[in-house]
Amino acid sequence: MTTNPWKDVHGPNVGYLLEQYDLYKTDSELVYDSLRELFATWGAPSFEGYKENEYLSQQESPPLIVFNKMKKLVSVLTLAENIRTNGHLDADLYPLEKYESSDRFTLADYDLSEADVRGIPVELICPEKKGKLADGLEAIQYLKKIYTGNIGFEFQHIEPEEREWLQNKIENEQGALAFRTEHKEELLTNLMKAEGFEQFLQKTYVGQKRFSVEGIETLVPAIEEIVTLSAEDGVKDVMISMAHRGRLNVLTHILEKPYEGMFSLFQHSTWENDNPDFSETIGTTGDVKYHMGAVKKRQINGNEIKVTLAYNPSHLEFAGSVVEGYVRAAQEDCSASGYPKQDLQKALALLIHGDAAFPGQGVVAETLNYSRTSAFHTGGTIHIIANNRIGFTTESEDSRSTGYPSDLAKGFDIPIIHVNADAPESCLVAMRIAFEYRKRFHKDVLVDLIGYRRMGHNEMDEPMATNPVTYNIIRNHPTITKVYKKQLINEKSLTEEQMNEIEEAVLARFKEAYENIDKEQSEVNFISELQKYHEIPKIDTAVDKATLTQMNAELLEWPEGFNVFGKLQKILNRRLGVFENNGKIDWAHAEVLAYASILKDGTPIRITGQDSERGTFSHRNIVLSDEKTGEKYSPLHKLSTSNRSFSAHNSSLTELAVLAFEYGYSVMAPETLVFWEAQFGDFANGAQVIIDQFISSGQSKWGQKSGLVMLLPHGYEGQGPEHSSARLERFLQLSAENNWTIASLSSSAQYFHILRRQASILNTDEVRPLVLMAPKSLLRHASAASYIGEFTNGQFEAVVEQPGLGSNPEKVERIAFCTGRLAVELSDCVVDVNGLSWLDIIRIEELYPFPAEKISKIIGKYKNLKEIVWVQEEPENMGVWNYIFPKLQGLAPKGIPVSYIGRPEMASPSEGDPLIHKKEQQRIIESVLTRKSKNKKEEVHLIN
């Protein structure tokens, strides 16, 4: 290079080169190689003849002044970025606190004067505001107005493209979102309805709990804004999860349940719903009014949209994961083979959280974690934290270790919008930005709606006893309608008279509705009068051999060039020989044949779990991986007999949020057979809230039906306390009103038939969840495998008798009842049938509903019976014993004892030492197969 390399350098690049030369002089290794060579050849950058521009004047020495100007530019840009990044810390976000701007963004802290800032071009600070703002100082003031007003933003932690989009949206569109007078009037009306509804209930039904929304009433029009935007954008379903606070208000004003219907709940009187577009279900024994949900078809600006408010127990955040399952089900089209076709535009999840619950409940983090995975993605959820800055009586500093309740979300790259609930127009602006972000990126977004709680935790709670300072402030703080009315008067949007007319009309509607309701208390029933039982009818679940043979062959075909792992290919190909040689079908083989036949019948299937594609025990292999490319392929997607979707997904490492999701999916897609598989049944207790509050009781409380199948590997095989028990006793304890089916099976054919039976009752009155104590060692156990004839004939049998025993009823003295894996182990030990003529072994495959009639018939065959025993692997205080003892005792002939054989009572589910396990198992087996001596009775624990 022979000419001056600096001659074409202008503007900010001048300062950059000077800064780099200073670094070069300090240590040449600190600059890029290219610059190092230039500095070594040409020395210090020289800018003789540099022309005057906005940064320089002709009278000044160019290098020095450019450097100083560049320092000022850097300081101004740093100030601008700090306003964007930390403006939320100086924003007016807290209704109960008098706003005083801090000195966080003073010019002096950045060694700047107003003249310095004015000299910076607007486009360097706000690129889209060139020509719209006068100078750099006005640009900085504009940023402070945008970022430190009633809305605060945190988005510097998200992806660059999203960050740029949000910055543009905030700085160039937020200020342009003007509210016309009719919009302001509508917003005021909605706030008056929300506030007035709570006040009317407080005066009319003194002392009744309702969990008022007062203090954060803006939540109601905020939700309405999301529903309206969704309808206008073509979304077909908005599905809402929220806890009890504000739920009655949302039911009334978002789902449009008539005031008459709501007041009747408080009056305990009858109300008949005559609107076909509004529906709600109530279970046999019901739930409190502030846990109930509903569905409403609405027309908004010519667009039809369905709004669903999910039922929710007092366990605050768990329904959020359920709603994610609702939304995925609503988005998916399962009408063709392969994976379902998902349309993210069809449905939207709106989850309302509490400020104490969002960081406090682990299910929130679990749900955020899987939000972008293939199995659980729903196209972005809009989260709203209804932040009243208190949890029961615990204030913020004691309920979390972070500044905001929303801070958890930053770990999942979710943008956060904080907004003052006493600034209702700002709240709607925040909702619009959130909606558009979700629409653009199909990712989660969170709005932290900051208000307060005007009442105590409930309406009978006195908060002055525990939070006196806060509640002294609240009692002197104006309500939201007074705040907004003052704003509207000051800006001359509405007159006092106009606003009074609106308020009078709202109050008149409350009074009219109250006058319309029946004041007579409806009849009060006993629980037994409310309960209803649905029995599963006999269902033909057999499949003809030709169909099974065809499906089996197609299941073992894979695309040309697809490289199945060699060892696995050999294992799978053995399944061809089973049909050719009349061999036995093992558990996994029976399962895939059941899936194939269910798909042929027109029922979609979905299965998730931590290892569900392969199966925890390497048994299922329903999704194959090419050993060279990693490409995945499921044979169930290519069956010529299939006309519905099949989806198998490995899930994130969580039980709670995943089981909740699958429950929600099964509720919203009642035509789909949905499975959740625990890695080991022991781990299901990590999802106990979903089992207790939703799966076992949802139909009884809310009339909410589910055909979910839970596969819980269970069985005592010497693997220790955490890999033996699915806590069968807990499921049996929760069993009533035919609320689910609990089964522990002993053969692959039984598994085949019960899955087909479950598929056949979907979308019927008889549908209920199916809880299966799934096998481990039985997966490959020859005695648990079944011949083809057991699939082409028969049906699921709730009770199975041991072949070869009981053939001479007169000689039988003992009946040993058992279930599951132990039944197979006992069967394998029955070698000399003739020597055991005194014994019969009966497998109870369906534990609930209890097959009392069938068992009674079996017992009735044996006229010389001396004892009935229940045999189990589990400790005496666990397993089936405490459930089944009174039932067997009730069926036993008079004077016949019912006794127990199994492990003694234990605090832990099982022993840890495999040698002790082996010894215990041997003792249990021998106790069953050893006849009592006439002279000396064998020690068997008897319950009198």
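Visitor: Which strands make up the open sheet of nine strands, and in what order?

Guide: Strands of a sheet pair through backbone hydrogen bonds, either parallel or antiparallel. Here the open sheet of nine strands has the order β1-β12-β13-β9-β8-β2-β5-β4-β3, and its pairing is mixed. At the edges are β1 (151–154) and β3 (278–279), each pairing on one side only. Strands are DSSP runs of E with at least two residues, helices are runs of H or I with at least four, and both are numbered from the N terminus. Two strands pair if DSSP finds at least two bridges between them.

A word on the source: this is a predicted model, in which local features need pLDDT of at least 70 and side-chain atom pairs count only at pLDDT 80 or more, while totals for chains, interfaces and linings use all residues. Residues are numbered from 1 along each chain as its sequence is written, and side-chain values use heavy atoms, with hydrogens and water left out.

Visitor: How many bridges join β2 to β8?

Guide: Strand β2 (residues 237–241) and strand β8 (residues 347–354) run parallel and are joined by five bridges. To find one of them, look at Asp237, whose bridge partner in β8 is Ala347.

Visitor: What is the order of the open sheet of seven strands?

Guide: That order is β18-β15-β19-β20-β22-β21-β27, again with mixed pairing. Since β18 (646–650) and β27 (846–848) each have a single partner strand, one side of each is left without a neighbour in the sheet. On average, neighbouring strands of this sheet are turned by 20° against each other, direction ignored. Inside it, β15 (residues 605–609) and β19 (residues 673–677) run parallel, with five bridges. Arg606 has Val674 as its bridge partner in β19.

Visitor: Which strands does helix α25 touch?

Guide: α25 packs on this sheet and touches β15, β19 and β20 (709–713); its direction makes about 170° with that of β19. Contact means heavy atoms within 4.5 Å. Axes are lines fitted to C-alpha atoms, for helices over the stretch in contact, and angles run from 0 to 180 degrees between N-to-C directions.

Visitor: Is α25 mostly covered or exposed?

Guide: Mostly covered: twelve of its 13 residues are buried, including Leu656, Phe661 and Tyr665. Buried means under 20% relative accessible area, exposed over 50%, and partly exposed in between (1.4 Å probe, protein chains only). Across the 944 residues of the protein, 56% count as buried.

Visitor: Which residues touch the most other members of the largest nonpolar core?

Guide: In soluble globular proteins, nonpolar side chains tend to be buried together. A nonpolar core is a set of buried Ala, Val, Leu, Ile, Met, Phe, Trp, Tyr and Cys residues joined through side-chain atoms within 4.5 Å. The largest one has 138 residues, and Leu636, Met710, Leu712, Leu772 and Phe817 touch the most other members. Leaving aside neighbours within four places in sequence, Met710 has contacts that include Leu659, Trp676 and Phe731. Another core, of 104 residues, lies apart from it, with Val117 and Leu488 among its members.

Visitor: How do β28 and β29 pair?

Guide: Strand β28 (residues 867–875) and β29 pair in the parallel sense over five bridges.
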